[in-house]
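I opened a notebook for this structure and looked things up one at a time. The entries follow in the order I made them.

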Amino acid sequence: MGQMIRTANEIEEGFHNPLEQIAVQEYRLRKWLKQKRYSTNDRTLREKVIHEAQLLSKLEKIANKYEKTSLNTRQWNKLTEKLIEAHTEQKIDILNKYGIHREQLLKGMFCYACKLPPMVRIHGGWKCTQCGEMSPDAHMAAFKDYYLLHGNMVRNREAREFLNVTYLIS
Ligand SMILES: [Zn+2]
């Protein structure tokens, strides 16, 4: 199983094989469940991947087979809570982790075209001072960077400093 190719409108796109992705996700979930001392049943992918035409009959078969679950409602709720808790993104202070001070960050909006800052506000959009490229939403990428670096709370003054602008549009 390697890469999959989808051809649509004479355009070919490469994707990771979805079966491999499922296998990786399954492996990680089984490993996690075993760490939490839940039992798992090993089955091959062929038993799990079916054509859509067979889906309804397969669902009925499964429903009949598993009328009784191995966990009661309370145990399912507990497992659900654990899964959600484990699935929550870890909060990492990325600047601290790599020993970077805020003052060392390059500020301003970076141009999509030439990848350099700064872009300046002009005619309702942003213009690159390096190559002249215009962007209506360069600030969105900068806010995303800010979020990844500092978290989701942003004060107006900090945002202006990070974006390297003297005022903020609303
Ligand atoms: Zn540019």
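This is a predicted model: local features need pLDDT of at least 70, side-chain atom pairs count only at pLDDT 80 or more; totals for chains, interfaces and linings use all residues.

Entry 1, a charged pair. I looked at R30 and E26, which both lie in helix α1 (residues 18-35), four residues apart, about one turn of the helix. Helices here are DSSP runs of H or I with at least four residues, strands are runs of E with at least two, and both are numbered from the N terminus. R30 forms a salt bridge with E26, and the closest N and O atoms are 2.9 Å apart. The term stands for a side-chain nitrogen of Lys or Arg within 4 Å of a carboxyl oxygen of Asp or Glu. I found that the count by this rule comes to one salt bridge. R30 and E26 are both buried. Buried means under 20% relative accessible area, exposed means over 50%, and partly exposed is in between (1.4 Å probe, protein chains only).

Residues are numbered from 1 along each chain as its sequence is written, and side-chain values use heavy atoms, with hydrogens and water left out.

Entry 3, the sheet. I asked in what order the strands of the open sheet stand. The order is β3-β4-β5, three strands with antiparallel pairing. β3 (119-122) and β5 (134-135) each have a single partner strand, so one side of each edge strand is left without a neighbour in the sheet. Strands count as paired if DSSP finds at least two bridges between them. I found four bridges joining β3 to β4, and two bridges between β4 (residues 125-128) and β5. K127 stands opposite M134 in β5.

I picked M119, which is found in strand β3 and has C128 in β4 as its bridge partner. Is M119 buried or exposed? M119 counts as buried because its relative accessibility is 2%. I also checked M119 against S135: they are 16 residues apart along the chain, and their C-alpha atoms are separated by 8.8 Å.

β3 and β4 form a hairpin with two residues between them, and H123 is in the turn. I read a phi near 50° for H123, a positive value in a residue other than glycine. H123 counts as exposed, at 77% relative accessibility.

R37 counts as exposed at 76% relative accessibility. I found a cis peptide bond joining P117 and P118, with omega about -10°. P118 lies in the loop between α5 (94-97) and β3.

R121 lies over the face of W126, at 5.0 Å from the ring centre. The rule asks for NZ of Lys or CZ of Arg within 6 Å of the ring centre and within 35 degrees of the ring normal.

I looked up I62, found in helix α3 (residues 55-65). I62 is partly exposed, with a relative accessible area of 36%.
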